[in-house]
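Let's walk through this fold together, one piece at a time. Have the model open and follow along as the names come up.

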Amino acid sequence: MVKAVYPASLLLFSALSWAQDNNFSVLPQACISAKQQSCKIELSISWHFPVPVCLNQQQQPGRALVCGTDINNYTLSVDMDTNLVLELRHHHHKTLVASKTIKYLQQAEISAVSPRRLSWSIF
C-alpha cells in the first residue's frame, strides 16, 4: 500500500517543483481603469505541467475554468473591480500548484494645469 501512495505523492511533488520554474503565465498582469469604474480585460493564459491541473478563480474555488497539462493561449475575459487571483489546482487532489494575481489599478486624476508656486516673488 505504501508503494501505491509513493508514486502519487512523487508526481504531486514534481508538479509543485515545475510550478516554481515559471511554467504558468498570465498576460497582462494588471488592468488600469478610470477612477471608480470596473476594468474589462482579456487575459492570455498558458501553462505546462506533467500532471493535469485546473484553472480556478480564487473567488470561485469550486468552478474549474479549464483543465489540462499543456494549455497555450487560453483566453479569459473578465470584468474586475478588485485584484483577481487565478489558481492552478491539481485535478484530482485539488492542491494548489501555482497562483497569479492580476492587479486592479485606478488612474489618478491629473489636473491639466498644475498650480506653480515659486519659492520667491517680488509681490
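Start with a rule for aromatic rings: those of Phe, Tyr and Trp (its six-membered ring) pair if their centres lie within 6.5 Å, with planes under 30 degrees apart counted as stacked, over 60 as edge-to-face and the rest as tilted. By this rule the count comes to 1 aromatic pair. The rings of Phe24 and Trp47 have their centres 6.4 Å apart and their planes at 70°, so this is an edge-to-face pair. Phe24 belongs to strand β1 and Trp47 to strand β3, 23 residues apart, and the pair links these distant parts of the chain.

Before going further, some ground rules. This is a predicted model, in which local features need pLDDT of at least 70 and side-chain atom pairs count only at pLDDT 80 or more, while totals for chains, interfaces and linings use all residues. Residues are numbered from 1 along each chain as its sequence is written, and side-chain values use heavy atoms, with hydrogens and water left out.

How far does the confidence go? The pLDDT, the predictor's confidence in each residue from 0 to 100, averages 79 over the chain, and 70% of the residues score at least 70. Helices (H or I, at least four residues) and strands (E, at least two) are DSSP runs, numbered from the N terminus. Confidence is lowest in helix α1 (residues 2-19), at a mean of 44, and highest in β1, at 95. Over residues 1-21 the pLDDT is below 50, and beyond near neighbours in sequence this stretch has 17 contacts in the model, a contact being heavy atoms within 4.5 Å. Where pLDDT is low, the predicted coordinates should not be read in detail.

Now for the strands, which pair if DSSP finds at least two bridges between them. β1 (residues 24-27) runs antiparallel to β3 (residues 39-57) over 4 bridges, and there Phe24 has Trp47 as its bridge partner. So those two residues meet through their rings and through a bridge. In a regular strand the side chains alternate between the two faces of the sheet. In β1, Phe24 and Val26 make up the covered face, Ser25 and Leu27 the uncovered one.

Over at β6, two partners turn up. β2 (residues 30-33) pairs with β6 in the parallel sense over 4 bridges, with Ser33 bridged to Gln106. β5 pairs with β6 in the antiparallel sense over 6 bridges, and here Leu88 is bridged to Ala98. β5 and β6 also form a hairpin with 5 residues between them.

What sits inside? Take a nonpolar core as a set of buried Ala, Val, Leu, Ile, Met, Phe, Trp, Tyr and Cys residues joined through side-chain atoms within 4.5 Å. Buried means under 20% relative accessible area, exposed over 50%, and partly exposed in between (1.4 Å probe, protein chains only). The largest core has 25 residues, of which Phe24, Leu43, Ile45, Trp47, Leu55 and Leu86 touch the most other members. β1, β3, β4 (60-80), β5 (84-90) and β6 (96-106) are the elements giving two or more residues to this core, and β3 supplies the largest share, 9 residues. Leaving out residues up to four places away in sequence, Leu43 touches a list including Val26, Tyr74, Leu86 and Ile102.

Next come the 2 disulfides, each a pair of cysteine sulfur atoms within 2.5 Å. Cys31 and Cys39 have their sulfur atoms 1.4 Å apart, and both are buried. The torsion about their S-S bond is about -75°, so this disulfide is left-handed. For Cys54 and Cys67 the sulfur atoms are 2.0 Å apart, and a torsion of about 105° makes this disulfide right-handed. Cys54 lies in β3 and Cys67 in β4, so the pair ties together parts 13 residues apart in sequence. Cys54 is buried at 6% relative accessibility, whereas Cys67 is partly exposed at 35%.

Most residues other than glycine have a negative phi, and most peptide bonds are trans. The bond from Leu27 to Pro28, though, is cis, with omega near -10°, and Pro28 is found in the loop between β1 and β2. Asn73 has a positive phi near 55°; this residue is in β4 and counts as exposed at 55% relative accessibility. Lys94 has a positive phi near 65°, in the loop between β5 and β6.
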